[in-house]
Amino acid sequence: SGGLIALATGLRCMAGRHSRVKRVMMTLLDAAQRHLQNWEAVQQDPLQALLHNWPVYDMLADLEGGFPHSPDDSTAVLVSFSDHEHHGWAKRFAMEVFANRTDWIAGDSEPRKVVWEVKANVNCADVYVFRAISPFNFGGVAVFVDGENGLSPEIAGEYHHMLRAYPKLLYLGTRAESRVIQDTENQWPGTASESNSVWLPYVSTSFAQRNSTVDELLRLRSHPGSRPGLVAYMAYNCKHHREAFFREMVLAREKRERAMVDTSPGGSITILGPVLPLSACRGQGGEHGQFGGEAGAEAVAEALANADGSISVSRYETASFMDSATEAFRSFKFAMAFENTDTKGYITEKIMNVFLAGAVPIYWGTEDVKEVFNPESFVFAGDFQDFSALAEYVIDLSLDKRRYEEIATAPILNPGSFDRFFSWQRTPDVDDGWLARSIRHTAYELHTAADGMHLGNIWSDIWDVIHH
């Protein structure tokens, strides 16, 4: 009986959506009840029998209580998420895109009214927003909002191949992963296509974990003001290319200052400002720095005052490590924004941390970054022959006040980039952006699509279990 009820529980979410699944589930419950009645009939002590099977009775009572999410209003679509997702990002994203929204979506004959509802921790919701904590026994629309890693084995475990082929997956993430999903072999009927696999890099969705909001990207950038630091370097993974450029930047600064002393009458020079590591990655190689060991505001100020190229690492408490980085970068003209890898469409929170601090990013990574951000607002490492040339350019730029201010105050985004990449979040001027509407419409199309769940021979397998 316990095994039959467990099978029924596994079908519970889909039973509310598909009549065939519901019939199988009810067959399983009927068989479980017959097994229980037959077992009870031969027991000498009814009380002991009840206590022995109490978990089974409890599961059975729960299943007989009805199917999850059967709203009276057939136009309602329930969206859910786990409130245990890191920093509560899933709640914020779901609320921004779906909460208190009503759409009129084109139907066969006339527009259809769709009312979106958002509740936490409902496994059998129509739509589920997730990254690290996926729904259990789910059969609805899975909205996977990617971070940096894609649907990798590290994130999705042994189910990463299944998720890539899941017919009602709406993937929002890297361009490379989007193409993997589109090219997945042996896809199930109705599986992911270009329309429900969207390039939405983490640099955008990271705002679900920030104190800052996307409307800051639309404001005119203010004059950078006096910034005593030249270049800041903060990283968790001490990747070779990051460490190599940091070392090159330190050497280039020292060389330039010596040259300026040698050629300056009376030894009077313009101080370039320090190049500082703000985490445990300090140009010495190694795999990892100390996560959460970002430099505090006081430590940054002290190091800048000393201008000796050293800094003590302490915890700077803000809502997230992104806010910590932004606060630490405010005292610098430039900050390194080096991705883990140069992968198509892979743009993470790093460049945004620098922009929000009012500094100029030195970006290493995919050239696709120029599709999102104004190329005149940052320094792109790929435009230079090597790190030595890049470091020399950064120093020249810091000494050219007019040119530096042009870059530091240039618009951050390209025309159209806000709508395409950032308008999932509400702003004072735009309550419901193009991107938020597009996500909802695509989710609704998947929600109302013909039965895409392909369960192979599960029906015959369950039949065999019931009768044997």
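**View 1. Gly173 stands opposite Trp199 in strand E7.** The model is predicted: local features need pLDDT of at least 70, side-chain atom pairs count only at pLDDT 80 or more, and totals for chains, interfaces and linings use all residues. Residues are numbered from 1 along each chain as its sequence is written, and side-chain values use heavy atoms, with hydrogens and water left out. Strand E6 (residues 169-173) pairs with E7 in the parallel sense, over three bridges. Leu172 faces Val198 of E7. Strands (E, at least two residues) and helices (H or I, at least four) are DSSP runs, numbered from the N terminus. Two strands count as paired if DSSP finds at least two bridges between them.

**View 2. Strand E6 is covered on both faces.** Leu169, Tyr171 and Gly173 lie on one side, Leu170 and Leu172 on the other, and all are buried. Buried means under 20% relative accessible area, exposed over 50%, and partly exposed in between (1.4 Å probe, protein chains only). Five of the five residues of E6 are buried, so the strand is largely enclosed by the rest of the structure. E5 and E6 run parallel and are joined by four bridges. Tyr171 in E6 is the bridge partner of Phe144.

**View 3. Seven strands form an open sheet with mixed pairing.** Their order is E2-E3-E1-E4-E5-E6-E7. Strands E2 (101-105) and E7 (197-199) are the edges, each pairing on one side only. From one strand to the next, the twist averages 20°. Helix H6 (residues 89-98) lies across E1 (76-81), E2, E3 (112-118), E4 (127-130), E5 (141-145) and E6. H6 runs at about 135° to E4. Axes are lines fitted to C-alpha atoms, for helices over the stretch in contact, and angles run from 0 to 180 degrees between N-to-C directions.

**View 4. Helices H6 and H19 cross at roughly 90°.** Their axes come within 9 Å. The two helices are therefore roughly perpendicular to each other; angles of 65 to 115 degrees count as such, under 35 as roughly parallel, over 145 as roughly antiparallel, and the rest as oblique. Phe93, Val97 and Phe98 in H6 meet Ala436, Ile439, Arg440 and Ala443 in H19. Contact means heavy atoms within 4.5 Å. By class, this contact has six nonpolar, no polar and one charged residues. Ala, Val, Leu, Ile, Met, Phe, Trp, Tyr, Cys and Pro count as nonpolar, Asp, Glu, Lys and Arg as charged, and the others, Gly among them, as polar.

**View 5. Helix H19 (residues 434-448) has an end-to-end span that agrees with expectation.** Its 15 residues should span 21 Å at 1.5 Å a residue, and its end C-alpha atoms are 21 Å apart. The expected span is 1.5 Å times one less than the number of residues. Buried residues of H19 include Leu435, Ala436, Ile439, Arg440, Thr442, Ala443, Tyr444 and Leu446.

**View 6. Ala208 sits in the loop between helix H10 (202-205) and strand E8 (229-233).** At 3% relative accessibility, Ala208 counts as buried. Leaving aside neighbours within four places in sequence, Ala208 is in contact with Trp89, Arg92, Phe93 and Trp424. The C-alpha atoms of Ala208 and Phe93 are separated by 5.8 Å, although the two residues are 115 residues apart along the chain.

**View 7. Helices H16 (residues 387-399) and H17 (residues 401-408) cross at roughly 100°.** Their axes come within 5 Å. H16 and H17 are therefore roughly perpendicular to each other. H16 contributes Tyr393, Leu397 and Leu399; H17 contributes Lys401, Arg403, Tyr404 and Ile407. These residues divide into five nonpolar, no polar and two charged.
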